[in-house]
Amino acid sequence: MESHPTEFERLVAEGLAASHADQREVALGLFARASEAEPTSGVPHFLIGSEHASAGNFEAAELAFACALLLAPDFTLARYQLGLLQFSTRRAPLALLTWQPLLSLPEDDALPHFVRGFGALAEDAFDDSLAHFRRGLACEPANPALCSDVLQLVEAVEKLGGPQGSASEEPPADHFLLSSYGRLH
């Protein structure tokens, strides 16, 4: 027996195809229609947030990720992305609060380790940050896109501390980590 996709599934699939083809406005429209077709799903809002974030529209992205979480509080990837957006816009305390539920995920999940890594990073505890990020990267299965971002972050943190990766000096004020990620102080 052949299974036909629902209207919701079709709209999401078409939206993803449009997104991959760099047709952002088309994708956003399809995701909005998917939300109308399945108003209790957080998925379309998450996808809308992802589109806005990739376009640099962080305010709209944050709103969409928050809507995804209101509809689906256990949507861990939406929670992680919302927190990452908050952390990246220099609101580390808010990000850490958003991420708090992720800390209760199993130890074989990468997300709690990444959250701990960002928490340590916010306190300039670079060695601890690296240890947490590396532990998360070692988890199976891990999300390849998230891991790619975290690997870039690990490389940047390693550069802060010199050859051994231990931060012995205050990082420069215009450093990548300070411009891209929030700090508690």
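**Reading a predicted helical model**

Colleague: Why is C67 called partly exposed?

Modeller: In this predicted model, C67 has a relative accessible area of 26%.

Colleague: Before we turn to the helices, how many helices and strands does the protein have?

Modeller: The protein has ten helices and zero strands, and its pattern along the sequence is α-α-α-α-α-α-α-α-α-α. Of its 185 residues, 43% are buried, and among contacts between residues at least 6 apart in sequence, 47% join residues at least 24 apart.

Colleague: Why are α1 and α2 described as roughly antiparallel?

Modeller: The axes of α1, residues 7-20, and α2, residues 24-37, cross at roughly 165° and come within 8 Å. An angle over 145 degrees counts as roughly antiparallel, and that makes α1 roughly antiparallel to α2. The crossing in which α1 passes α2 is left-handed.

Colleague: Which residues make that contact between α1 and α2?

Modeller: On the α1 side they are E7, F8, R10, L11, V12, E14, G15, L16, A18 and S19, and on the α2 side V26, A27, L30, F31, R33, A34 and A37. Sorted by class, this contact of α1 with α2 has eleven nonpolar, two polar and four charged residues.

Colleague: How do you know that α2 and α3 are roughly antiparallel to each other?

Modeller: Helix α3 covers residues 43-54, and α2 packs with α3 at an angle of about 160°, with the axes 8 Å apart. Since the cut-off for roughly antiparallel is over 145 degrees, α2 and α3 fall in that class. Here too the crossing is left-handed, with α2 passing α3. From α2, the residues R24, A27, L28, F31, A32, A34 and S35 meet P44, H45, L47, I48, E51, H52 and S54 of α3, and by class this contact has eight nonpolar, four polar and two charged residues.

Colleague: What makes α4 and α5 roughly antiparallel?

Modeller: The axes of α4, residues 58-71, and α5 cross at roughly 150° and come within 9 Å. Over 145 degrees is the condition for roughly antiparallel, so the term applies to α4 and α5, and their crossing is left-handed. The contact brings together F58, A61, E62, F65, A66, A68 and L69 of α4 with A78, R79, Q81, L82, L85 and Q86 of α5, and the residues in this contact of α4 with α5 divide into nine nonpolar, two polar and two charged.

Colleague: What makes R90 partly exposed?

Modeller: R90 is in the loop between α5 and α6, and its relative accessibility is 48%. Exposed would require over 50%, and buried under 20%, so R90 counts as partly exposed. The C-alpha atom of R90 is separated by 9.7 Å from that of A122, a residue 32 places apart from R90 along the chain.

Colleague: Finally, why is S129 called buried?

Modeller: S129 belongs to helix α8, residues 126-137, and its relative accessible area is 0%. That value is under the 20% limit for buried, and therefore S129 is buried. Apart from neighbours within four places in sequence, S129 is in contact with G117, A120 and L121.

Methods:
Residues numbered from 1 in each chain as written. Predicted model: local features only at pLDDT ≥ 70, side-chain atom pairs only at ≥ 80, totals over all residues. Heavy atoms only, no water. Buried < 20%, exposed > 50% of the residue type's maximum accessible area, 1.4 Å probe, protein only. Axes fitted to C-alpha atoms, helices over the stretch in contact; angles between N-to-C directions. Helix = DSSP H or I, 4+ residues; strand = E, 2+ residues; numbered from the N terminus. Parallel < 35°, antiparallel > 145°, perpendicular 65-115°, else oblique. Left-handed = near helix turned anticlockwise from the far one by under 90°. Contact = heavy atoms within 4.5 Å. Nonpolar A, V, L, I, M, F, W, Y, C, P; charged D, E, K, R; others polar.
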